[in-house]
Amino acid sequence: MEIKASVLSLDPAQTPLKDRLLNTGGTLTAKPVDATTAQAFKNATTPATVYHPSTPPATTDTLLVADVTYIGSTSQAANYPQMAEQYDSAYLSLKNAFSQFKAGLDLLDPVLAQKDFGLTVDAEGKLILLNSSGSLNATDIERLNEMLKGSGLLKGAASRYMNASIDLVKADAAWGGNFMGRFDLNKNNFASTIDIAALFKTTSGVSSMEGWFSSQLWAKGVVAIGPAETV
């Protein structure tokens, strides 16, 4: 018995498709199976496994693809203008309270008043002193904390500003408006995100862009994302 053999090239440029699909010559002569091999096939209890190259082998590994979904608002809320007005009012109140605090500090300790320090507020509304620049020594920190404890006006203004900021971010859009809606700002992460003293820092009389609320939010804010989905 003769079997025609197919001669196929792996290089499509060398062998046209119609030729690669046709037998193009060569012969093979089949040899009879010896008695021992034939008997082995008859006695086999496990069927032979046929491997089809076109079928990928089974695997126990599963490829998981994480699909991270932003959960921020896709459009500004209807009450965004009101939240913006609320924010502006809280900002002006905070600016006035902070200016009064700095003015009092300048009278009591002019040298300390010129040092670089930050300020924020925690979830309970407590004022937190920040020494990010490292310019404050232990005595400076103690003195400033004592003054902060006695500044009810600044504490109230800071708490109001925190609440107004959170409401503003919630009302804004993730991919439109002022692009703040893609962040999750709340009372628990406000202190690690916003330095309220930095809002009023100036360089040669001009407000420092790094201290802007939006700049701080974009630099340190927590992006609002949902749980990862696997597909």
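Predicted model: local features only at pLDDT ≥ 70, side-chain atom pairs only at ≥ 80, totals over all residues.
What covers the buried residues of α7? That is the question I would like to start with today, and the answer includes α3 and α6, where a residue counts as buried if its relative accessible area is under 20%, as exposed if over 50%, and as partly exposed in between, using a 1.4 Å probe and protein chains only. Residues are numbered from 1 along each chain as its sequence is written, and side-chain values use heavy atoms, with hydrogens and water left out.

Let me give the overall picture. The chain has seven helices and eight strands, which are DSSP runs numbered from the N terminus, with helices being H or I of at least four residues and strands being E of at least two. Of the 231 residues in the chain, buried ones make up 31%. If we take contacts, meaning heavy atoms within 4.5 Å, between residues at least 6 apart in sequence, then 65% of them join residues at least 24 apart.

Now back to α7, where Phe213, Ser214, Ser215, Gln216 and Leu217 are buried. Gln216 lies in this helix, which spans residues 213-220, and its relative accessible area is 4%. Leaving aside residues up to four places away in sequence, Gln216 touches Thr193, Ile194, Asp195, Ala198, Leu199, Glu210, Gly211 and Gly221.

Next come the charged pairs. Side chains of opposite charge can pair when their charged atoms come close. A salt bridge here is a side-chain nitrogen of Lys or Arg within 4 Å of a carboxyl oxygen of Asp or Glu, and by this rule the count comes to four salt bridges. I will go through some of them.

In one, Arg143 pairs with Asp109, the closest N and O atoms being 3.3 Å apart. This pair links distant parts of the chain, since Arg143 is in helix α5 (residues 138-149) and Asp109 is in the loop between α3 (80-108) and α4 (110-113), 34 residues apart. Arg143 is partly exposed, with a relative accessible area of 36%.

In another, Asp116 meets Lys201 at 2.8 Å, N to O. Here too distant parts of the chain are linked, with Asp116 in the loop between α4 and β4 (118-121) and Lys201 in the loop between α6 (152-171) and β6 (202-203), 85 residues apart. Asp116 is partly exposed at 35% relative accessibility, and Lys201 is partly exposed at 32%.

A further salt bridge joins Lys149 and Glu146 at 3.8 Å, N to O. Both residues lie in helix α5, three residues apart, about one turn of the helix. Lys149 counts as exposed at 67% relative accessibility, whereas Glu146 counts as partly exposed at 48%.

Finally, which residues lie nearest the centre of the largest pocket? They are Phe98, Lys102, Ala197, Phe200 and Lys201, out of 13 residues in the lining. A pocket is found on a 1 Å grid over the protein atoms alone, as an open set of points where a 1.4 Å probe fits, with protein on both sides within 12 Å along at least five of seven lines, and lining residues have an atom within 4 Å of a point. α3 gives the most to this lining, with four residues.
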